[in-house]
Amino acid sequence: MAADRSPVWPQGYVGSITHTDDLLGVAVARRKDFRSIGIDAEAIIQPETTAEIDELCMSERERSLRDSVEIDHQTFSSLCFSAKESFFKCLYPLTGVWFDFQDAEIASFDPDLQLLQMRLLRDLASGFRQGQVFGGAFRCTERRVYTAFALPA
Ligand SMILES: CC(C)(COP(=O)(O)OP(=O)(O)OC[C@H]1O[C@@H](n2cnc3c(N)ncnc32)[C@H](O)[C@@H]1OP(=O)(O)O)[C@@H](O)C(=O)NCCC(=O)NCCS
């Protein structure tokens, strides 16, 4: 673990770690195949904390997106939170720049293909620019959501 808590992988590898109360997930790849990976798993948030999570991580545009797709509120809120965490874990090791939930937004969300896009809303180091869009994947079960981003080499 580095001083900033990001994982330190052996030379030539990239990866990401996530925990929930009863699950540990790790994804690792060769750097020649992927520049970076970010994964996240979260328990589906409880109804009583949904408003708080929405306040923390969801923009007005994301609320409109949520209302336009066939998905229940808690699952979408959990996915929004998780996708921003996995997106952060993917970009941070490349940029070394900490950024906030308001600095990215879900640009598109396809519940059938279980794919989403995340739009970066600010410039970061290493050539990552405001407006750039990144493809991510998600899965949902009754208990949890899972999200992942991977940048090809
Ligand atoms: C670092 C952070 C993303 C961890 O997420 P989390 O959901 O709380 O916890 P998870 O169990 O899923 O992930 C923990 C793992 O993240 C990894 N991690 C920690 N800091 C990291 C960083 N800066 N970059 C990449 N990975 C990091 C570690 O491997 C850690 O595992 P470990 O505790 O075994 O060492 C989160 O705590 C955080 O600081 N978020 C604020 C920044 C953010 O998400 N912004 C949103 C941008 S849209």
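This is a predicted model: local features need pLDDT of at least 70, side-chain atom pairs count only at pLDDT 80 or more; totals for chains, interfaces and linings use all residues.
Residues are numbered from 1 along each chain as its sequence is written, and side-chain values use heavy atoms, without hydrogens and water. Local features need pLDDT of at least 70 and side-chain atom pairs pLDDT 80 or more, while totals for chains, interfaces and linings use all residues.

**View 1. The largest pocket.** The volume of the largest pocket is about 650 Å³. A pocket is an open set of points on a 1 Å grid over the protein atoms alone, where a 1.4 Å probe fits, with protein on both sides within 12 Å along at least five of seven lines. Volume is the space filled by probe spheres set on the points. The lining has 25 residues, with Arg5, Ser6, Pro7, Ile17 and Lys89 nearest the centre; lining residues have an atom within 4 Å of a point.

**View 2. Elements of the lining.** Strand 1 (13-20), strand 3 (34-43) and helix 3 (73-95) each give two or more residues to the lining of the largest pocket. Strand 1 supplies the largest share, seven residues. Helices (H or I, at least four residues) and strands (E, at least two) are DSSP runs, numbered from the N terminus.

**View 3. The ligand in its pocket.** The ligand sits in the largest pocket, meaning that more than half of its atoms lie within 2 Å of the grid points. Around the ligand are 20 residues, the closest being Thr18, His19, Asp40, Glu85 and Lys89; each has a heavy atom within 4 Å. Helix 3 gives the most to this shell, five residues.

View 4. A polar contact is a pair of N or O atoms within 3.5 Å. Oxygen atoms of the ligand lie 2.7 Å from a side-chain N or O atom of His19 and 2.5 Å from a polar side-chain atom of Glu85. A ligand nitrogen is 2.9 Å from a polar backbone atom of Phe99.

Terms used
A polar contact is a pair of N or O atoms within 3.5 Å; within protein, one must be able to donate a hydrogen and the other to accept it, and residues adjacent in sequence count only if both atoms are side-chain atoms.
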